[in-house]
Amino acid sequence: MDRTVEGKYIPLQNYLKQLTSSHVTLSFSEIETILNVSLPQSAYKYQAWWVNSLKAHSHASTWLEASYLVGSVKFGKYVEFIRKENAEVQTQKEESVKELDIRDGLSNEEMNYIESLSEKVDKVRDFLINDMPSDFSNESLIVQYESMKGFRRIIGNIDNDMSFLGCLLIKEFLNQRHLFADLNMALKPQGSPGLDVDETTIDGKRIIGELKTTYPYKENDFG
């Protein structure tokens, strides 16, 4: 099947196509030298970026079309590429890595949400350092109001952010106990009506749940 690889990754694909070894290990710096461009930050942080699935990431065709699979990844250090021996072995390995990714990885949408939270944290840090009055209590009421308004504008709906992170904890918990074809906590908008969790396992079990990120009214009493 003819698949299109993102242009900036073609040099790596060509490099792998020229190899005949059963496996090759390349450092991140070696990969970036071959590409003549830096890898995205997601490649340094998330196993999901290296998953052997074109459905998950189009850039996976970089190694898949060169007849290699990504084996192990040591973030910031190296990536091991393993040659696909035949269609049966390829399918088994891809399914194995796919299941590993489902259990431990994040989807594109989840990674994007995490990136947006990271940017928000950076903006909050900059605001507190550069724009928030150092002696807040002695400022005029209008300055206090404007400062808090600016802070509020940056943090947005922090309850939704907390809820999303809580859903990722749920995902981690569920993936340790069940297998799912696809478990993506970023598909349902935070704050929208309906169950936080309504998923079906590979063996047909339905799991539903509701997340509450509130402080208890009393110890051992949610009120």
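Reader: In which helix is D161 found?

Author: D161 is found in helix α8. The model is predicted, so local features need pLDDT of at least 70, side-chain atom pairs count only at pLDDT 80 or more, and totals for chains, interfaces and linings use all residues. Residues are numbered from 1 along each chain as its sequence is written, and side-chain values use heavy atoms, with hydrogens and water left out.

Reader: What counts as a helix or a strand?

Author: Both are DSSP runs, numbered from the N terminus: helices are H or I with at least four residues, strands are E with at least two. This chain has eight helices and five strands. Their order from the N terminus is α-β-α-α-α-β-β-α-α-α-α-β-β.

Reader: Is D161 buried or exposed?

Author: Start with the cut-offs. Buried means under 20% relative accessible area, exposed over 50%, and partly exposed in between (1.4 Å probe, protein chains only). D161 has 7% relative accessibility, so D161 counts as buried.

Reader: What does D161 touch, not counting residues up to four places away in sequence?

Author: Contact means heavy atoms within 4.5 Å. By that rule D161 touches Y113, L117, K120 and I155.

Reader: How are two packed helices described?

Author: By the angle between their axes and the distance between the axes. Axes are lines fitted to C-alpha atoms, for helices over the stretch in contact; angles run from 0 to 180 degrees between N-to-C directions. Take α6 (residues 108-130) and α8 (residues 158-175): their axes come within 12 Å and cross at roughly 135 degrees.

Reader: Which word describes how α6 and α8 lie to each other?

Author: Angles under 35 degrees count as roughly parallel, over 145 as roughly antiparallel, 65 to 115 as roughly perpendicular, and the rest as oblique. α6 and α8 are therefore oblique to each other.

Reader: Is the crossing of α6 and α8 left-handed or right-handed?

Author: A crossing is left-handed if the near helix is turned anticlockwise from the far one by less than a right angle, and right-handed if clockwise. The crossing of α6 and α8 is left-handed.

Reader: Which residues in α6 and α8 meet?

Author: E110, Y113, I114, L117 and K120 come from α6; N160, D161, F164, L165, L168 and K171 come from α8. In this contact, six residues are nonpolar, one is polar and four are charged.

Reader: At what angle do α6 and α7 cross?

Author: At roughly 165 degrees, with the axes of α6 and α7 (residues 141-155) coming within 9 Å. α6 and α7 are therefore roughly antiparallel. The crossing is right-handed. On α6, K120, K123, V124, F127 and L128 meet S147, G150, F151, I154 and I155 of α7. That contact has six nonpolar, two polar and two charged residues.

Reader: How do α1 and α2 pack?

Author: Their axes are 7 Å apart, at an angle of about 105 degrees; α2 covers residues 28-35. α1 and α2 are therefore roughly perpendicular to each other. P11, L12 and Y15 of α1 make the contact with I31, I34 and L35 of α2. Six of the contact residues are nonpolar, with no polar and no charged ones.

Reader: Where is Y9 found?

Author: Y9 is in the segment before α1 (10-17). Y9 is buried, at a relative accessible area of 5%. Leaving aside neighbours within four places in sequence, Y9 is in contact with L35, L39, P40, W49, H59 and T62. Y9 and L35 are 26 residues apart in sequence, yet 6.3 Å apart in space, C-alpha to C-alpha.

Reader: Which residue other than glycine has a positive phi near 70 degrees?

Author: S67. S67 is found in the loop between α4 (61-64) and β2 (68-74). With a relative accessible area of 30%, S67 is partly exposed. N36 is not a glycine either, and has a positive phi of about 60 degrees. N36 is in the loop between α2 and α3 (41-45). N36 is exposed, at 70% relative accessible area.

Reader: How much of the chain is buried?

Author: Buried residues make up 34% of the 223 residues. Among contacts between residues at least 6 apart in sequence, 53% join residues at least 24 apart.

Definitions and conventions: Ala, Val, Leu, Ile, Met, Phe, Trp, Tyr, Cys and Pro count as nonpolar, Asp, Glu, Lys and Arg as charged, and the others, Gly among them, as polar.
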